[in-house]
Amino acid sequence: MIQIRCKNNNKTYSFQEGSTLLEIYQKLQPELQIPYQVVSAKVNNASQGLRFRVYQSRDVEYVGLNNTSGMRIYVRSLCFVLYKACSEIFPESRLYIEHSISNGFYCNFYTRAADHATAADVERIRERMQQIIDSDMAFHHREAPTEDAVRIFREHGNIDKVKLLETSDRVYSDYYLLDETVDYYYGALLPSTGYIKLWGLEKYQDGLLLRVPDMRNPTMLAPKVDQPRTFETFAEYVRWSVIMGLSNVGDVNHAIKAGHASELIQVSEALQEKKIVQIAEEINRRYLDTERPCRVVLITGPSSSGKTTFCKRLSIQLKACGLKPMSISTDDYFVNRVDTPKFPDGRYDFDNISAVDSETMVRDLNALLRGERVEVPEFNFKTGLREYNGKKLKMGRNSLLLIEGIHALNPALTSQIEESLKFRIYISCLTSISLDDHNWIPTSDCRLLRRIIRDYNVGAFTAQQTIAQWPSVCEGEMKWIFPYQETADVMFNSALHIEFAVLRNHAEPILASVPKNSPEYCEAHRLLKFIHYFVAVSDKEIPPTSIMREFVGGSSFKY
């Protein structure tokens with residue numbers, strides 16, 4: 001017998017050695033108070049599927065769809081059902097599950113060589129998916145020597161998975177079966193298709209939108225939000241990825257092993273610089289527009305998107321256009337720490353717009369736009385006080401204000417400034433490559449890794465602390481940043497094609513320091529597993545002006 005300590009109710013139980021998590025849950029279910037459908041569990045703080053067998057005494061915590069690890073397992077399983085339905089109805093089709101959009105997942109789907117799916121095709125796929133779900137087919141996990149897994153996927157024509165696995169250093173690799181359909185996923189799946197209760201599929205742009213439950217209320221689908229600008233930004237980088245031959249991690253790994261890492265870095269940096277130049281030229285055009293003369297550039301984006309470095313690089317290009325940019329951070333207008341709003345549990349809510357003295361900031365901005373000399377504050381993060389240290393600004397000929405901060409696009413911050421004077425920029429790290437055709441890379445993973453590395457390097461927080469704070473950071477972004485991203489005049493993608501390969505060397509030892517007995521180990525374990533898919537690359541050729549330098553160190557900019 002083995003001992004199972006259930007963390008949902010802090011009780012210990014005896015079970016037969018080799019029992020599955022599902023068998024254990026079925027016996028414990030009457031005692032547990034879990035509000036939503038249970039889809040997975042954490043075993044010693046590592047996420048596992050319900051078919052996982054336990055052979056030694058372990059801590060077990062069951063999780064539902066309101067948990068990120070549970071939602072990932074649910075969505076992966078739904079993606080497998082989608083792939084099976086597509087491959088059965090259209091045997092020569094290609095399905096690419098590319099990225100999150102509109103609170104769902106965008107899928108590029110071609111019925112033949114270059115034919116997009118029609119509305120009728122989507123309906124046929126949806127009906128077949130429902131049949132697969134209703135039949136309650138089991139998801140079967142298999143483990144095989146990597147060379148055998150590569151052979152299996154090659155026989156099925158899944159070259160994307162062949163490239164991924166043959167560039168890995170794994171001796172054994174996992175794969176999954178759904179009836180006779182084979183696929184690869186980098187995490188566990190549900191026990192069977194019958195666990196999938198809520199989902200949607202509809203035509204979207206030239207492809208499909210796979211809709212999933214809302215993690216905040218898993219009894220409903222996540223509300224669809226139209227995001228045309230975000231979609232086009234993704235599409236632009238996907239097009240470039242295809243042109244460069246870097247559609248997935250296997251492509252990147254092969255290029256690195258062939259000795260092209262330096263070229264990949266140079267091209268990625270050149271693409272970003274080209275985009276920054278285009279933005280600067282558009283701002284200059286607007287500056288010279290007598291009808292809509294731009295005087296204020298508002299720059300925002302979520303945590304670790306690279307706002308600070310982007311602002312500095314944009315300033316250089318604006319100067320090359322003959323303009324004189326002056327930068328102001330909304331952080332310098334934070335209210336004193338004692339006046340900062342708090343969460344119900346007493347933690348400071350720094351992301352709340354009430355944490356910024358917007359009245360004083362708007363007063364200063366309007367004074368600057370009138371040509372007055374203004375003393376602007378500097379926030380002292382050590383003392384928690386807004387200080388005036390003699391820093392004075394005055395707009396002159398060709399002057400331009402650059403306002404950078406998480407609330408820059410929030411209308412409440414600049415509502416008193418004339419609309420025609422504003423130019424809005426939204427920056428984020430919209431990862432443009434995938435692990436393979438059916439495993440996308442969440443856009444937040446790159447930002448989280450960046451933040452973990454930066455926090456650790458500057459001595460601000462350990463990886464465990466950064467991971468613990470991340471859910472609150474994401475909650476703040478959902479409330480204060482994402483609702484305004486589509487109002488931007490232009491979007492900038494700060495992701496680099498080779499970024500994860502460079503981050504690997506930095507992230508591995510930091511993530512490995514997270515204690516296994518901590519709740520944060522679950523996320524650290526997932527990120528470690530994920531980052532190992534990339535062939536590591538040294539950061540020595542990353543230029544000192546790169547956005548990556550803001551996180552790994554060595555930037556030529558002063559922060």
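Two strands pair if DSSP finds at least two bridges between them.

I note the ground rules. The model is predicted, so I take local features only at pLDDT of at least 70 and side-chain atom pairs only at pLDDT 80 or more, while totals for chains, interfaces and linings use all residues. Residues are numbered from 1 along each chain as its sequence is written, and side-chain values use heavy atoms, with hydrogens and water left out.

**Entry 1: the parallel sheet**

Angles run from 0 to 180 degrees between N-to-C directions, and axes are lines fitted to C-alpha atoms, for helices over the stretch in contact.

I then followed S24 (residues 422-428). 4 bridges join S24 to S27, and the two run parallel. Ile427 stands opposite Phe492 in S27. Contact means heavy atoms within 4.5 Å.

**Entry 2: Thr330**

I looked for Thr330 and found it in the loop between S18 and H10. Is Thr330 buried or exposed? Thr330 is buried, with a relative accessible area of 1%. Buried means under 20% relative accessible area, exposed over 50%, and partly exposed in between (1.4 Å probe, protein chains only). Leaving out residues up to four places away in sequence, Thr330 touches Val356, Met361, Ile403, Glu404, Gly405, Ile406 and Leu413.

**Entry 3**

I moved on to an open sheet of 3 strands, in the order S10-S11-S12, with antiparallel pairing. S10 (139-145) and S12 (181-183) are the edge strands, and each pairs on one side only. Neighbouring strands are turned by 30° against each other on average, direction ignored. S11 (residues 172-178) and S12 pair over 3 bridges. Leu177 has Val182 in S12 as its bridge partner. Helix H2 (residues 68-89) packs on the sheet, touching S10, S11 and S12, and its direction makes about 130° with that of S12.

Which helix does H2 cross at roughly 120°? The partner is H3 (residues 119-134), and the two axes come within 9 Å. That makes H2 oblique to H3. Angles under 35 degrees count as roughly parallel, over 145 as roughly antiparallel, 65 to 115 as roughly perpendicular and the rest as oblique. I listed the contact. Among the H2 residues are Leu78, Val81 and Leu82, and H3 brings residues including Arg124, Ile125 and Met129. The residues of this contact divide into 10 nonpolar, no polar and 4 charged. Nonpolar covers Ala, Val, Leu, Ile, Met, Phe, Trp, Tyr, Cys and Pro; charged covers Asp, Glu, Lys and Arg; the others, Gly among them, count as polar.

**Entry 3: two hairpins and Ile101**

I took the S8 hairpin next. 7 bridges join S8 (residues 94-101) to S9 (residues 104-110), and the strands run antiparallel. Tyr96 has Asn108 in S9 as its bridge partner. The hairpin has 2 residues between the strands, and Ser102 in the turn has a positive phi of about 55°.

Ile101 lies in S8 and is buried, with a relative accessible area of 2%. Ile101 and Phe231 are 130 residues apart in sequence but 6.9 Å apart in space, C-alpha to C-alpha. Contacts of Ile101 beyond four places in sequence include Tyr106, Tyr204, Leu209 and Phe231.

I compared notes on S13 (residues 200-204). 4 of its 5 residues are buried, so S13 is largely enclosed by the rest of the structure. S13 pairs with S14 (residues 207-211) in the antiparallel sense over 5 bridges. Gly200 has Arg211 in S14 as its bridge partner. Gln205, in the hairpin of S13 and S14, takes a positive phi near 50°.

**Entry 4: H12 and H15**

Last, I checked H12 (residues 443-457) against H15 (residues 521-531). They pack at an angle of about 105°, with their axes 12 Å apart. That makes H12 roughly perpendicular to H15. Asp445, Leu448, Leu449 and Ile452 of H12 make the contact with Glu523, Arg526, Leu527, Phe530 and Ile531 of H15. These residues divide into 6 nonpolar, no polar and 3 charged.
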